[in-house]
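Please look through the structure shown here, moving between the sequence and the three-dimensional view as you read. The paragraphs that follow begin with a few charged residues and then widen to the strands and the chain as a whole.

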Amino acid sequence: MTARVALVGARGHTGSELVQLIDKHPYLTLAAAGSRALAGDLVRDHYAIDTALTFEALTPAMLGERDGQFDVVILALPNGQAPAYVEALGTHRELPLVIDLSADHRFDEAWFYGLPELTAKHYAGERLIANPGCYATAMSLVLAPVVQHLRGGVACFGVSGYSGAGTTPSPRNDPDRLRDNLLPYALTDHLHEREVSRHVGLPVAFTPHVAAFFRGISMTVTGWLADAHTPADLASHYADWYAEHPLVTVAEHIPEPRALVGRYGAEVGGFGRGGQGPGRITVVSALDNLLKGAASQAIQNINLGLALPPLTGLKP
């Protein structure tokens, strides 16, 4: 089986990663690459892959007219643009597997929330999968193993590379503005704060920041357990929790984002405790925001939807 993939949003940072991941995947082939800015250009002139495809300005109507041509549709679009494509795809006789990387459907009960290490066991053949946010993934991987043992909410301090701000110019992806600097933003009610609170089931206070490095996320999570635990206890608990999930590694050292650049998974570690009572803990995660925070997680969800082994196309 080779699944034909339409990628809408093939020009952005995440789209670039997806083009390359699809190309190396043994059971996927890129059948359409959508980009208004690059429409008419050969894909191989922009990405080092062997294909005769040209970029297309794929509108919702155009996608809807190509009934049966695609087995998988990936929507790598800014927030607010995916629903029109989903509506157009709904006219197909057989709905393809749809992966939405935007936030448009992460709160929609009709969509499966695809954070594979945490939700794959609940997958029941849904054709609509919402990819989690990058910050949300970093927070959720820390919280899931201890959520039943936490009392009260948690505080999360996240720092992302400026690729997370996309390609549209703004202060958050301006290297001159970021040089020797750190920009906090969305000081309250950040989208990923609400996303994690909903899907993990725990009040989360999250403050995002952007720094001068290009890619990667560092997430520091502080909470209070009902009982005191040593760092070794915590490390052992997390290692057991993720023992069957090879894309999440557990380390006693504090993870650093540059060590995760180019890696498909995430690292959780640090395991600090003490201060303000014996139950206080601080745990750190790191990941590549363009891979485990977006593209490689999308491939995990495609594998899930196509009933392929979880790490197909993602082995080093």
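Arg-215 and Glu-17 are both buried, and in this predicted model their side chains meet in a salt bridge, with 3.0 Å from N to O. The two residues come from distant parts of the chain, since Arg-215 sits in the loop between β10 (204-210) and β11 (217-224), while Glu-17 belongs to helix α1 (residues 13-24), and the two are 198 residues apart. As a general point, side chains of opposite charge can pair when their charged atoms come close. Why does Arg-215 count as buried? Its relative accessibility is 18%, and because the cut-off for buried is under 20% relative accessible area, Arg-215 counts as buried.

Arg-215 also takes part in a salt bridge with Asp-288, where the closest N and O atoms are 2.9 Å apart. Asp-288 lies in the loop between β14 and α9, whereas Arg-215 lies in the loop between β10 and β11, so this pair ties together parts that are 73 residues apart in sequence. Asp-288 is buried as well, with a relative accessible area of 0%. Taken together, Glu-17, Arg-215 and Asp-288 are linked in a network of salt bridges.

Another salt bridge joins the side chains of Glu-117 and Lys-292, at 2.7 Å from N to O. Here too the pair links distant parts of the chain, with Glu-117 in helix α4 (residues 116-119) and Lys-292 in the loop between β14 (280-287) and α9, 175 residues apart. Both Glu-117 and Lys-292 are buried. A search of the whole structure finds nine salt bridges, and the pairs described here are among them.

Both partners of that last pair also touch Gln-297, a residue found in helix α9 (residues 295-305). Is Gln-297 buried or exposed? Gln-297 is buried, and its relative accessible area is 0%. When residues up to four places away in sequence are not counted, the residues that Gln-297 touches include Gly-114, Leu-115, Pro-116, Asn-131, Pro-132, Thr-137 and Leu-291.

Lys-121 and Ala-82 are 39 residues apart along the chain, and their C-alpha atoms are separated by 26 Å.

We can now turn to the strands. In general, strands of a sheet pair through backbone hydrogen bonds, either parallel or antiparallel. Strand β1 (residues 3-8) is mostly covered, with five of its six residues buried. β1 pairs with strand β2 (residues 28-34) in the parallel sense over six bridges, and it is joined by four bridges to strand β4 (residues 72-75), which also runs parallel to β1. Helix α1, which holds Glu-17, makes a right-handed β-α-β unit together with β1 and β2.

Elsewhere, an open sheet of seven strands, with mixed pairing, has the order β9-β10-β8-β11-β14-β13-β12. At its edges stand β9 (183-184) and β12 (248-251), each with a single partner strand, so one side of each is left without a neighbour in the sheet. Within this sheet, strand β8 (residues 154-160) pairs with β11 in the antiparallel sense over six bridges, and Cys-156 stands opposite Val-221 in β11.

Finally, consider the chain as a whole, whose secondary structure comes to nine helices and 14 strands. Its radius of gyration is 20 Å, close to the 20 Å that the globule rule gives for 316 residues, so the chain is as compact as a globular protein of that length. Along its principal axes, the C-alpha trace spans about 60 × 45 × 35 Å. Buried residues make up 53% of the 316 residues, and the chain exposes about 13,800 Å², of which carbon and sulfur atoms supply 52%. Among contacts with a separation of 6 or more, 69% are between residues 24 or more positions apart.

Definitions and conventions
Residues are numbered from 1 along each chain as its sequence is written. This is a predicted model: local features need pLDDT of at least 70, side-chain atom pairs count only at pLDDT 80 or more; totals for chains, interfaces and linings use all residues. Side-chain values use heavy atoms; hydrogens and water are left out. Buried means under 20% relative accessible area, exposed over 50%, partly exposed in between (1.4 Å probe, protein chains only). Contact means heavy atoms within 4.5 Å. A salt bridge is a side-chain nitrogen of Lys or Arg within 4 Å of a carboxyl oxygen of Asp or Glu. Two strands pair if DSSP finds at least two bridges between them. A crossover is right-handed if, with the strands pointing away from the viewer, the path from the first strand over the helix to the second runs clockwise. The radius of gyration is taken over C-alpha atoms; the globule rule is 2.2 Å times the number of residues to the power 0.38. Accessible areas come from the Shrake-Rupley method with a 1.4 Å probe; for residues, only the protein chains shown count as cover.
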